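User: Can you walk me through this protein? I'd like to start with one residue and then zoom out.
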Amino acid sequence: MPVPGITVDTILRDHEDLQLVLITGEAGLTNRINNAEINRPGLSLTGFFDFFANDRIQILGKGEWAYLNSLSEDKLHEITEKFFEFHLNCIIYTHGNEPQIPFVERAKAKGIPLFKTEISTHRFITLISQILDRALAPRTMRHGVLIEVFGIGTLLTGRSGVGKSETALELIERGHRLVADDMVEIRRLSESYLIGSCSDLLRHHMEIRGLGILNIKDLFGVGSVRDHKLIELIINLKEWEEQTSGEYERTGIEQSMEEILGVSVPYIEIPVKPGRNIPIIVETAAMNQRLRKMGKNSAKEFSNKLNTYIQQSSIETNPIKD
């Protein structure tokens, strides 16, 4: 799926911790950043522009700044002209260093945002890399409810009306925390991690048929909600079907998986029918998933004990004769 970009203006507006000060290039604040990696153009500033990663944010640290200051006026202008021949989304000077005048002039002429920050280069790269990783991560939307149960990010899925929100509401009342209701935004932050969150418009709200829209944060307090959570378990609620009841999982020895954005997540299907306490079953599933993460599989342990018992019983019933 396409990876959404982020505008330079978004970084400036939404992340004050970066301490960015815009020096020039206001016209380019709508430039889009589509690459989560950054570039320190040290080699390029010497005149070698082969493989120049111009599509990334350009970070000029102490080394680049000192090198440019050491150049003669003619050489500095020559390098500046070559540097700005490429399409650049933005340039950032760290350590509070003032950009060289030719850089300021060319950035203004070409509408390329030029910033400075008081933060050190290493610290700034760490901060902005985290921001870009989140903003540019592959993402998708899933219908369901994401709730944190005993620390496990649990995604409740199932057809509309099966009882996902009602189950989540009972879990919240029991002390667990809501992340998203109805539409869950899922982002892949690495090859093995999925983060679920909610849109700003729907955040902390839940729809309960018969009651309408509820603000969970106002009703249950700030401790009842989270803005985002790692997705570690998917539970699909499905109406009980008598003709297929024998196909439901009975032992739990083998764990099913569901793939989202190329990441496999443990998957459980829970049949729903009157008399079944679904919130307690979800709690138990979350606790069991915590045990599995710690390397403890209750179903396999029971199976091993059962096999040992059967073998011992067989030996006692049919002793080996000399």
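**Phe103 and its surroundings**

User: Which residues is Phe103 in contact with, leaving aside its neighbours within four places in sequence?
Analyst: This is a predicted model. In it, Phe103 touches Leu45, Leu60, Leu68, Thr80, Phe83, Phe84, Tyr93 and Leu114.

User: Is Phe103 buried or exposed?
Analyst: Phe103 counts as buried, because its relative accessibility is 0% and the cut-off for buried is under 20%.

User: Where does Phe103 lie?
Analyst: Phe103 is part of helix 4, which covers residues 101-110.

User: Which residues of helix 4 are buried?
Analyst: Pro102, Phe103 and Ala107. They sit on the same side of helix 4, because they cover an arc of only 130 degrees around the axis.

User: Why would residues a few places apart point the same way?
Analyst: An α-helix has 3.6 residues a turn, so residues three or four places apart point the same way.

User: And which residues are exposed on the other side of helix 4?
Analyst: Ile101, Lys108 and Ala109 are exposed there.

User: What do the buried residues of helix 4 pack against?
Analyst: Both strands and helices. The strands are strand 2 (21-24), strand 5 (57-60), strand 6 (91-93) and strand 7 (114-116). The helices are helix 2 (62-70) and helix 3 (73-83).

User: What follows helix 4?
Analyst: Gly111 does. The phi of Gly111 is positive, near 65 degrees.

User: Let's zoom out. How many helices and strands does the protein have?
Analyst: The protein has 9 helices and 16 strands. It is more spread out than a compact globule, because its radius of gyration is 28 Å, well over the 20 Å that the globule rule gives for 322 residues.

User: What does the C-alpha trace span along its principal axes?
Analyst: About 95 × 70 × 30 Å.

User: How many of the residues in the whole protein count as buried?
Analyst: 43% of the 322 residues.

User: Last topic: charges. How many are positive and how many negative?
Analyst: There are 37 positive and 44 negative charges. Their mean positions are 3 Å apart.

Methods: Residues are numbered from 1 along each chain as its sequence is written. This is a predicted model: local features need pLDDT of at least 70, side-chain atom pairs count only at pLDDT 80 or more; totals for chains, interfaces and linings use all residues. Side-chain values use heavy atoms; hydrogens and water are left out. Helices (H or I, at least four residues) and strands (E, at least two) are DSSP runs, numbered from the N terminus. The radius of gyration is taken over C-alpha atoms; the globule rule is 2.2 Å times the number of residues to the power 0.38. Buried means under 20% relative accessible area, exposed over 50%, partly exposed in between (1.4 Å probe, protein chains only). Lys and Arg count as positive and Asp and Glu as negative; His and the chain ends are not counted. The place of a charge is taken as NZ of Lys, CZ of Arg, CG of Asp or CD of Glu. Contact means heavy atoms within 4.5 Å. The arc is that of the directions from the helix axis to the C-beta atoms.
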